[in-house]
Amino acid sequence: MVDSWERARHILEAAGLDPGCLAHLAPLTGGTYNTVEELRLTDGTRYVLKIPPAAAVPGLRHERRLLVSEAEFYRSAVHAGVPAPRLVSMGDDFLLMTACSGDVWDGSLTDTEQSALRTELGRQTARLHRVTGPGFGYPSGALGPLAPDWPTAFTTMFDAVLDDARRYGAWLPRPVDAVARTARPAYGALDEVTVPCLVHFDLWRGNIMVDRSAGDARIGGLIDGERMFWGDPLADFVSLALLGDIKQDEAFLAGYREAGGRAGFDAPARLRLALYRAYLYLIMLTETIPRAVGEEQERWMQDRVAPELVAALDEIEALLSGPARP
């Protein structure tokens, strides 16, 4: 087994940094897939090193070469003027990036601070969504080349996680085939998406850094962009309101619209949003098997996530059975 310090020094040297300046190395918690370490040099500069699991480690189909997608997100965030780690160096088996200022968004913020941060987050998300890609889907190529249209890309993504659920025998609140049957008639709504925009798809609070170094709380960086894909900006609204309803987040939507983001919720948009909710909650429920989560986490998934999947599927059925859309 390669020593962590030896590996970190080798990566620093390959990045053109002095490996002899490595003064501190410690694991960072919170992730569930990659190994993540903080590196601190003698001058106080901080970096974050990500190491993917070995190829033999079980995972979902879309998780292959996640670091390729993460690197694409950081390059795109710089282009958008959004605070995020800066890519320093990468290889097939590592990603080295700068560390963001601040701490993970937690429960210590006041209501006033949270409202201001949600508005700022809305502005930053709108700026991200102005970045466009060369096609639709995961830039990692895990599910094949980028697709020329969003329906092709998203149905491939959705089918892949359904296949994962079958392969691992994941517990779902409805049978896999029933989920597929519910989603399939809604795919026509995907035709409205014609521009492949940058979607982070994991913007829950655990991936948002809050910095107080200048006094007032501000967003120090959007991190962990490994789930990024090119697609419908509306898909980001799922993790931004994880287990909730983005339509109730007035502060976020005000900032998003102020920065030029389009956030309408007509019937076709609600149908697409329900599909994206179903997709994320399918991933969360299915990945418990290859992650081998404990009983407590499994119970939490069944108690909190499974009902959200059911609600998304019920909304699809209700919207499809309602009055014909104009």
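Modeller: Let's start with a rule: two strands pair if DSSP finds at least two bridges between them. Keep in mind that this is a predicted model.

Biologist: Okay, what makes β4 and β5 a pair?

Modeller: Strand β4 (residues 87-91) and β5 have four bridges in the antiparallel sense. The rule asks for at least two, so β4 and β5 count as paired. One spot to look at is Met 90, which sits opposite Leu 95 of β5. A hairpin of two residues links β4 to β5.

Biologist: Which strand do four bridges join to β5, running antiparallel?

Modeller: That's β3 (residues 46-51). There, Lys 50 has Leu 95 of β5 as its bridge partner.

Biologist: Why is β5 called largely enclosed?

Modeller: Buried means under 20% relative accessible area. Five of the five residues of β5 (residues 94-98) are buried, so the rest of the structure largely encloses this strand.

Biologist: How do you know that both faces of β5 are covered?

Modeller: In a regular strand, side chains alternate between the two faces of the sheet. Here Phe 94, Leu 96 and Thr 98 lie on one side of β5, with Leu 95 and Met 97 on the other, and all are buried.

Biologist: Moving on to a helix, what makes α5 largely enclosed?

Modeller: Helix α5 (residues 176-183) has six of its eight residues buried, so it too is described as largely enclosed by the rest of the structure. The buried ones are Val 176, Ala 178, Val 179, Ala 180, Thr 182 and Ala 183. They pack against α4, α8 and α10 (295-321).

Biologist: Why are α4 and α8 called roughly parallel to each other?

Modeller: The axes of α4 (residues 150-168) and α8 (residues 267-286) cross at roughly 30° and come within 9 Å. Angles under 35 degrees count as roughly parallel, and α4 and α8 are therefore described that way. Their crossing is left-handed.

Biologist: Which residues of α4 and α8 make the contact?

Modeller: From α4, they include Trp 150, Phe 154, Met 157 and Phe 158; from α8, they include Leu 275, Tyr 276, Leu 282 and Ile 283. The contact residues divide into 13 nonpolar, one polar and one charged.

Biologist: How do you know that Phe 265 is buried?

Modeller: The cut-off for buried is under 20% relative accessible area. Phe 265 has 17%, so it is buried. Phe 265 lies in the loop between α7 (250-258) and α8. Leaving aside residues up to four places away in sequence, its contacts include Leu 234, Phe 237, Ile 246, Lys 247 and Arg 270. Lys 247 is 18 residues from Phe 265 in sequence, and their C-alpha atoms are 8.2 Å apart.

Conventions: Residues numbered from 1 in each chain as written. Predicted model: local features only at pLDDT ≥ 70, side-chain atom pairs only at ≥ 80, totals over all residues. Heavy atoms only, no water. Axes fitted to C-alpha atoms, helices over the stretch in contact; angles between N-to-C directions. Parallel < 35°, antiparallel > 145°, perpendicular 65-115°, else oblique. Left-handed = near helix turned anticlockwise from the far one by under 90°. Contact = heavy atoms within 4.5 Å. Nonpolar A, V, L, I, M, F, W, Y, C, P; charged D, E, K, R; others polar. Buried < 20%, exposed > 50% of the residue type's maximum accessible area, 1.4 Å probe, protein only.
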